[in-house]
Amino acid sequence: MSTALFHCLPRIFSGLNRRLNSVFGSASAVMLVGLSVTGLSGCSILPKTEPVVFYRLPPVQTAHSNVTTPPALALTVRIKQPDSSGLLVSNRIAVIPADNQLSAYQGARWASSVPILFRDQVTDAWLQSGRIQHVINDSKPLAADRELAGSLRAFQTEYINGQPTVVIHFDAQWIDPNSRTLLASRRFSVTEPTATAEVPAVVAAFAVAQARLSQALLEWVLAQPTVQQEAR
């Protein structure tokens, strides 16, 4: 900004001097202000804004089969935003190109913050499965029978042996919200190589990895003894 302003100053003061030579007394002060604004209007001292493209994860696609889907369990389950920290709290698309240096793709953002993106993808996948009668999130204070919470430890691209790969680590917690009892916990890790290093290919790999993780979480929850007992 200072460099741009330096280049503008000759134009500003050249016009200012010409006019002050023909005007005297109190009018000079008024003219000084007016001419300063006139000179600045022809210069841009603001940095150029970097164009940004916002990405969402593609909708979850469920494979159709001839196997009959079991009836939905009569439960209300709440999906909470995961705990996270650092860059994973923002809507930046994180990448570790080398040497554990956490960075972000330039000119690209998620459409929402990473915790909300993660929560909404899990919610959509569970709703689409039809295995649980009511699936809600923590955007509204509704009562629930069970709650999925946890910590999002990784949601980024890493270069593994030179191959860009999406990595997601999630420490899941299965909770009884009424007694605030932790019923089960487990770490889930998913990796998915990207087709290319370009951002659209990276986003597509994130969608695949997130869908696999959402399905693994659902199967883990459905296998919990308390879920079957509660649903009877």
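## Salt bridges and core

The side chains of Asp-120 and Arg-119 form a salt bridge, with N to O at 3.0 Å; the term denotes a side-chain nitrogen of Lys or Arg within 4 Å of a carboxyl oxygen of Asp or Glu. Asp-120 is partly exposed at 26% relative accessible area, whereas Arg-119 is buried at 7% (buried: under 20% relative accessible area; exposed: over 50%; partly exposed: in between; 1.4 Å probe, protein chains only).

This is a predicted model, in which local features need pLDDT of at least 70, side-chain atom pairs count only at pLDDT 80 or more, and totals for chains, interfaces and linings use all residues. Residues are numbered from 1 along each chain as its sequence is written, and side-chain values use heavy atoms, without hydrogens and water.

The count of salt bridges comes to 8. Two of them are tabulated here.

| Pair | Closest N and O atoms |
|---|---|
| Arg-146 and Asp-176 | 3.9 Å |
| Asp-171 and Arg-187 | 2.6 Å |

Asp-171 in strand 7 and Arg-187 in strand 8 (residues 181-193) are 16 residues apart in sequence, so their pair ties these parts together. Asp-171 is buried, at 16%. Both Arg-146 and Asp-176 are buried as well. A network of salt bridges links Arg-78, Glu-147 and Arg-180.

The largest nonpolar core has 45 residues, of which Trp-110, Trp-126, Leu-148, Phe-155 and Leu-217 touch the most other members. Such a core is a set of buried Ala, Val, Leu, Ile, Met, Phe, Trp, Tyr and Cys residues joined through side-chain atoms within 4.5 Å. Helix 4 (residues 199-222) supplies the largest share, 13 residues; helices (H or I, at least four residues) and strands (E, at least two) are DSSP runs numbered from the N terminus.
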